[in-house]
Amino acid sequence: VLFTFFQWLQNTSGSTALRESLYVYQIVESTHVLSLCLFVGLAVILDLRLIGFTIKATPVSEIADRILPWTVAGFVLMVVSGALLFYSEPTRFFLSYIFRLKLSLLVLAAVNVWVFHSTVYRSVAQWDLDIVPPRRARIAGALSLFLWAAIIVTGRLVAYRWTGFK
Amino acid sequence: MSLYSFCQWCQHTSIGIAIAGSKWQFPIIESVHLLALAWLGGMILAVDLRLAGFGSRRQPLSQFAKDIEPYFIAGLVVMLTTGILLFLSEAMKCYSNPPFWFKMAFLFLAITFTFTVRRRVAMAKTISPLLGKAVAAMSVFLWSGVGFGGRGIGFW
């Protein structure tokens with residue numbers, strides 16, 4: 001059923017226009033790639049602080065407050081451009097195992113963010129100034145680094161069309 | 001040796017041949033290049049946003065820039081290493097690829113600017129807000145040029 005829906009989606013005029021356009025597709029894809037800097041790149045800085053690697057003199061909450069609005073902006077760009085890319089060729093992405101892996105990793109990354117914010121970050125006031133934050137915060141930071149790295153790598157590999165390996 | 005024959009030589013090095021002949025090596029190196037892009041981009045943006053006056057001023061900018069610098073340099077090293085490997089595998093394609101040369105020009109300017117003007121301004125005890133904004137804008141402009149040029153290589 002899902003596949004039929006994506007087939008229909010791929011045949012809509014918007015999808016065809018995007019797929020066959022000369023420049024729009026390239027602009028959308030470039031936006032998707034370069035938004036990485038804004039979104040993942042800045043998130044890395046918070047992760048590094050959570051693990052206790054750098055900017056140790058600044059409270060965790062201050063770095064979070066300063067960085068999160070920008071990562072949210074980056075995330076919106078990422079999701080919008082990503083959705084457009086998917087819309088341009090839904091059936092191909094639907095059938096791609098690497099794309100499915102990427103989506104699963106995205107779900108895990110979202111769960112990680114949610115768990116972090118609803119548990120250990122609630123009590124941030126108690127460890128805000130710690131040079132090395134509590135173990136659960138460090139785990140969240142490390143997981144975030146690992147998951148986003150894996151998402152970038154799988155995202156890049158989606159674009160290759162290997163024969164016998166979708 | 002002309003640029004042309006240099007590129008030819010690069011492509012015929014054993015590393016270049018190995019990467020070009022392998023199904024997996026290029027994609028893997030390229031993925032790492034992209035990982036470093038996110039990393040490096042974040043390190044650049046974080047300091048530029050501070051320079052432009054966003055965020056708190058409780059922690060001195062010079063301390064922040066100093067904390068970030070090793071991570072910036074680590075990202076740059078990974079970026080250059082993987083970039084050189086990618087170049088070796090397709091040097092002749094790059095030779096006749098305008099976005100590649102566009103990227104190299106911006107890369108040269110961006111690195112020079114970062115380690116001279118931007119570093120001095122970011123590490124200074126006090127800077128005027130206008131200077132900070134100008135340096136941040138220049139930095140974002142130059143590094144964006146590198147990024148767009150890089151993306152353009154594949155589209156050309």
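A: Let us begin with burial: of the 166 residues in chain A, 49% are buried. The model is a predicted one. In chain B, 47% of the 156 residues count as buried.

Q: How many helices and strands does chain A have, and how many does chain B have?

A: Secondary structure is read as a list of elements along each chain. Chain A contains 8 helices and 0 strands, giving the pattern α-α-α-α-α-α-α-α along its sequence. Chain B contains 7 helices and 0 strands, and its elements run α-α-α-α-α-α-α from the N terminus on.

Q: What does the C-alpha trace of each chain span along its principal axes?

A: For chain A, the C-alpha trace spans about 55 × 30 × 25 Å along these axes. For chain B, the corresponding span is about 55 × 30 × 25 Å.

Q: Which share of the contacts with a separation of 6 or more comes from residues 24 or more positions apart in chain A and in chain B?

A: Here one considers separation along the sequence. In chain A, residues 24 or more positions apart supply 77% of the contacts with a separation of 6 or more. In chain B, the corresponding share is 81%.

Q: Which residues have the most contacts inside the largest nonpolar core?

A: In soluble globular proteins, nonpolar side chains tend to be buried together. In this model, the largest nonpolar core comprises 65 residues, and Trp127(A) and Trp143(B) have the most contacts inside it. Helix α3 of chain A, residues 24-51, gives the most to this core, contributing 13 residues. Setting aside neighbours within four places in sequence, Trp143(B) contacts Leu40(B), Ile44(B), Phe72(B), Leu76(B), Leu107(B), Ala110(B), Ile111(B) and Thr114(B).

Q: At what angle do the axes of α3(A) and α8(A) cross?

A: Two packed helices are described by the angle between their axes and the distance between the axes. The axes of α3(A) and α8(A), the latter covering residues 135-158, come within 8 Å and cross at roughly 155°. Because angles over 145 degrees count as roughly antiparallel, α3(A) is roughly antiparallel to α8(A). Their crossing is left-handed.

Q: Which residues of α3(A) and α8(A) meet?

A: A helix contact is read from the residues on both sides. Those in α3(A) include Leu36(A), Phe39(A), Val40(A) and Asp47(A), while those in α8(A) include Arg138(A), Gly141(A), Leu145(A) and Trp148(A). The residues of this contact divide into 12 nonpolar, 2 polar and 2 charged.

Definitions and conventions: Residues numbered from 1 in each chain as written. Chains lettered and ligands numbered in written order. Predicted model: local features only at pLDDT ≥ 70, side-chain atom pairs only at ≥ 80, totals over all residues. Heavy atoms only, no water. Core = buried A, V, L, I, M, F, W, Y, C linked by side-chain atoms within 4.5 Å. Buried < 20%, exposed > 50% of the residue type's maximum accessible area, 1.4 Å probe, protein only. Helix = DSSP H or I, 4+ residues; strand = E, 2+ residues; numbered from the N terminus. Contact = heavy atoms within 4.5 Å. Axes fitted to C-alpha atoms, helices over the stretch in contact; angles between N-to-C directions. Parallel < 35°, antiparallel > 145°, perpendicular 65-115°, else oblique. Left-handed = near helix turned anticlockwise from the far one by under 90°. Nonpolar A, V, L, I, M, F, W, Y, C, P; charged D, E, K, R; others polar.
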